[in-house]
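I opened this notebook to keep track of what I looked up in a structure that was new to me. The entries follow the order in which I went through it.

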Amino acid sequence: MAWRSRSACVSRRLALDDVTTLLSLGPGQVGTVVGCSGGRGLMGRFAAMGFTPGSRVTVLNNYGRGPLLVLIHGARVALGRGEASRVLVRPEGGGHRG
């Protein structure tokens, strides 16, 4: 494990303050993928669907239950709520629905 200085950890934490999950974005909101979490299979699935760091994602439908419909790289993708909760995004235009 690499050793990091305290200031590097603090600046990293501050950089993640405005990061939320894809699940918390409302319809029409846009975010940039920061990262994903999950096992090997799920991470491979995310990569195959285009959920890579730096990708822009637009939420098309999020009714608060059931799957989310998102637009990423020009493709519409339906994600289960569990999957969407594992995609970290930085909302564009500030704030998130929470």
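**Entry 1: the whole chain**

I note at the outset that I am reading a predicted model. I began with the secondary structure, and I found three helices and six strands, which run α-β-β-α-β-β-β-α-β from the N terminus on. I then looked up how much of the protein is covered, and buried residues make up 30% of its 98 residues. The exposed surface comes to about 6,100 Å², and carbon and sulfur atoms supply 55% of it. I also looked at contacts between residues at least 6 apart in sequence, of which 62% join residues at least 24 apart.

I followed strand 6 to its partners on either side. With strand 1 it pairs in the antiparallel sense over two bridges, where Thr21 has Leu88 as its bridge partner and Thr20 has Val89. With strand 2, strand 6 pairs in the antiparallel sense over five bridges, and Thr32 stands opposite Arg90. I also looked at the two faces of strand 6, and I wrote down Val87, Val89 and Pro91 for the covered face, with Leu88 and Arg90 on the uncovered one.

At the other end of the order I checked strand 4 (residues 68-72) and strand 5 (residues 75-79), which pair in the antiparallel sense over five bridges. One of the bridge partners I looked up there is Ala78 in strand 5, which is paired with Leu69. The hairpin of strand 4 and strand 5 has two residues between the strands, and in this hairpin His73 takes a positive phi near 55°.

**Entry 2: salt bridges**

How many salt bridges does the structure hold? The count comes to three, and I went through them one by one.

I took Arg90 and Asp18 to begin with, whose closest N and O atoms are 3.1 Å apart. Arg90 lies in strand 6 (residues 87-91) and Asp18 in the loop between helix 1 (6-15) and strand 1, so this pair ties together parts that are 72 residues apart in sequence. Arg90 counts as partly exposed at 29% relative accessibility, and Asp18 counts as partly exposed at 39%.

I went on to Arg45 and Glu83, whose side chains meet in a salt bridge at 2.8 Å, N to O. Since Arg45 lies in helix 2 (residues 40-49) and Glu83 in helix 3 (residues 81-84), the pair ties together parts that are 38 residues apart in sequence. Are Arg45 and Glu83 buried or partly exposed? Arg45 counts as partly exposed, because its relative accessibility is 38%, whereas Glu83 has 18% and therefore counts as buried, the cut-off for buried being under 20%.

I then turned to Arg56 and Glu92, which form a salt bridge with their closest N and O atoms 3.0 Å apart. Arg56 lies in strand 3 (residues 56-61) and Glu92 in the segment after strand 6, so parts that are 36 residues apart in sequence are tied together by this pair. For Glu92 I noted a relative accessibility of 35%, so this residue counts as partly exposed.

**Entry 3: a loop residue and a ring pair**

I looked up Ser24, whose place is in the loop between strand 1 (20-21) and strand 2 (30-36). Ser24 counts as buried because its relative accessibility is 12%. Its side chain is joined to that of Thr20 by a polar contact of 2.5 Å, and Thr20 is the residue I had already noted as the bridge partner of Val89.

Lastly I searched the whole structure for aromatic pairs and found one. Phe46 and Phe51 form this pair, which is edge-to-face, at 5.9 Å centre to centre and with 70° between the planes. I checked the accessibility of Phe46 and Phe51 as well, and both are buried.

Note on methods:
Residues are numbered from 1 along each chain as its sequence is written. This is a predicted model: local features need pLDDT of at least 70, side-chain atom pairs count only at pLDDT 80 or more; totals for chains, interfaces and linings use all residues. Side-chain values use heavy atoms; hydrogens and water are left out. Helices (H or I, at least four residues) and strands (E, at least two) are DSSP runs, numbered from the N terminus. Buried means under 20% relative accessible area, exposed over 50%, partly exposed in between (1.4 Å probe, protein chains only). A polar contact is a pair of N or O atoms within 3.5 Å; within protein, one must be able to donate a hydrogen and the other to accept it, and residues adjacent in sequence count only if both atoms are side-chain atoms. Rings of Phe, Tyr and Trp (its six-membered ring) pair if their centres lie within 6.5 Å; planes under 30 degrees apart count as stacked, over 60 as edge-to-face and the rest as tilted. Contact means heavy atoms within 4.5 Å. Accessible areas come from the Shrake-Rupley method with a 1.4 Å probe; for residues, only the protein chains shown count as cover. A salt bridge is a side-chain nitrogen of Lys or Arg within 4 Å of a carboxyl oxygen of Asp or Glu. Two strands pair if DSSP finds at least two bridges between them.
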